[in-house]
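Work through the exercises below with the model open. Each task is followed by its solution.

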Amino acid sequence: MLQLIKLELKKGRLTSYLWGALIAYLCIAGSMSVIYFADPMNIEDPSIRSQAELLSMIDLLVRATFIVYASVLISKLIISEFKDKTIALLFAYPVNRKKLIFAKLAMVFVWTFANVIIGNLLVDAIFIGINSITGYLSDPLQTDMLLNHGLNVLMQAFGAAGMCLLPLVIGLRNKSVPATIVSSIVIVLIVCSGNLGFSLSSIIAIPLSLSVLGILITYLSYRNIDRVDVG
């Protein structure tokens, strides 16, 4: 299985994935910079009132970004190959079809999970440092708050990694790359959109349930792949 994943990484060029993640981190940091530095001008109704809210907003942006990013990877690794029927060439090799598909999905799952965590760590560190200089948010950083945030990030990362599999089922029906990406955006709008500081993803049971649902539906979609004609 690890060998299959290594082959997929070589085929897809690992450096392109790394550059894509780096650009995503920069975009997230840039978006947060606009919010953070413009917020003091809105004295009556600021978007960020505490460092806990700052970290929560960063987490929301990171998850939303990498759920959509994952749909692009899924489109490249799976949807496009089914659409162009190049997947049939892979299935011609003496390797179990389920293992081939699982290797691709495992890449997307682990990549999303890791990047949600790394993205939070990097952007959190940047803005904690910035705030220590500007002093815009005056509430102290407490150990309990950081520990709770870290635990929440881990659970949300798992939720995002599972949720990112849901667009696969939608895109694969019509073998459509646009449908895959658009469906991921819809999922983000529904689950991650905030209203007065609240989003569905803040109820941790929702992203975790959607993650399990994504894994289950994906398994059901591919459980008979050995007997399906993809030529």
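**Exercise 1. Describe the lining of the second largest pocket.**

Step 1. Twelve is the count to find: the second largest pocket is lined by 12 residues, with F102, L105, I215, T218 and Y219 nearest its centre. A pocket is an open set of points on a 1 Å grid over the protein atoms alone where a 1.4 Å probe fits, with protein on both sides within 12 Å along at least five of seven lines; lining residues have an atom within 4 Å of a point.

Step 2. Assign elements. α5 (97-134) and α9 (205-222) each give two or more residues to this lining. The largest share, six residues, comes from α5. Helices are DSSP runs (H or I, at least four residues), numbered from the N terminus.

Step 3. Sort by class: nine nonpolar, one polar and two charged residues.

The model is predicted: local features need pLDDT of at least 70, side-chain atom pairs pLDDT 80 or more, while totals for chains, interfaces and linings use all residues. Residues are numbered from 1 along each chain as its sequence is written, and side-chain values use heavy atoms, without hydrogens and water.

**Exercise 2. Characterise the packing of α5 and α6 (residues 143-163).**

Step 1. Geometry: the angle is about 145° and the axes lie 8 Å apart.

Step 2. List the contacts (heavy atoms within 4.5 Å). Among them, F109, F113 and D124 are on the α5 side, and H149, L154 and F158 on the α6 side.

Step 3. Classify: 10 nonpolar, four polar and one charged.

Definitions and conventions. Nonpolar A, V, L, I, M, F, W, Y, C, P; charged D, E, K, R; others polar. Axes fitted to C-alpha atoms, helices over the stretch in contact; angles between N-to-C directions.
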